[in-house]
Amino acid sequence: MSRSAPALRPYLPDDAPLLAAIFAASIMDLTGDDYSEAQQEAWAMAADDEEAFGRKLAGQLTLIATLQGAPVGFASLKGADHIDMLYVHPSAVGQGAGSALCDALEKIASARGTKALKVDASDTALEFFRKRGYVAQQRNTVTINDEWLANTTMQKTLDGVAVPGGHA
């Protein structure tokens, strides 16, 4: 059985409830080896207010990954040089959605003249970004809903990223 490749589309305001659910499921189901249950719950609470979550997504360049027409992940670019969010539903992990989203944001950032792209990667996502050429810059501790969580700021130089219709 062949799997279809993920398709990408822009964020629409009606997507907020489903993306909030993907966000929470991704955190609760995929980060248990790296974060405590209290940390996971505090992190996932960021999407409890779906209206505010939707405003945040709408205020950034947000792309949705779909498989067979159904949204399975999303990623957003904050400003020109920072991947703010990249989350894939646990049932879609390993099917190319995360890579497709990251590829697209890298190409968009490069086309906008960005030379380096940053991400604050969770401990769970470190290897994903490392395999894509991101290099750890610094370790961070952040407080979210009264819980301390660690992440790592990573950076990738975008020189050489192919830009559709142009050159890197």
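Tutor: Two residues are in contact when heavy atoms lie within 4.5 Å, and buried means under 20% relative accessible area, with exposed over 50% and partly exposed in between, for a 1.4 Å probe and protein chains only. This is a predicted model, in which local features need pLDDT of at least 70 and side-chain atom pairs count only at pLDDT 80 or more, while totals for chains, interfaces and linings use all residues. Residues are numbered from 1 along each chain as its sequence is written, and side-chain values use heavy atoms, with hydrogens and water left out.

Student: Which residues of helix H2 are buried, and what covers them?

Tutor: Helices (DSSP runs of H or I, at least four residues) and strands (E, at least two) are numbered from the N terminus. Helix H2 spans residues 37-44, and its buried residues are Gln39, Gln40, Ala42, Trp43 and Ala44. The cover over these buried residues of H2 includes helix H1 together with strands S4, S5, S6 and S7.

Student: Where is asparagine 140 found, and is asparagine 140 buried or exposed?

Tutor: Asparagine 140 belongs to strand S6, and it counts as buried because its relative accessibility is 14%.

Student: Which side chains make polar contacts with the side chain of asparagine 140?

Tutor: A polar contact is a pair of N or O atoms within 3.5 Å, where within protein one must be able to donate a hydrogen and the other to accept it, and residues adjacent in sequence count only if both atoms are side-chain atoms. The side chain of asparagine 140 has such a contact of 2.8 Å with the side chain of glutamine 138, and another, also listed at 2.8 Å, with the side chain of asparagine 151. Setting aside neighbours within four places in sequence, asparagine 140 is in contact with Asp120, Leu149, Ala150, Asn151, Thr152 and Thr153.

Student: Where does glycine 98 lie, and which residues does glycine 98 touch?

Tutor: Glycine 98 lies in helix H4, and it counts as buried because its relative accessibility is 12%. If residues up to four places away in sequence are not counted, glycine 98 touches Leu86, Val88 and Phe128.

Student: How far apart are the C-alpha atoms of glycine 98 and alanine 150?

Tutor: A distance of 21 Å separates the C-alpha atoms of glycine 98 and alanine 150, which are 52 residues apart along the chain; alanine 150 is among the residues in contact with asparagine 140.
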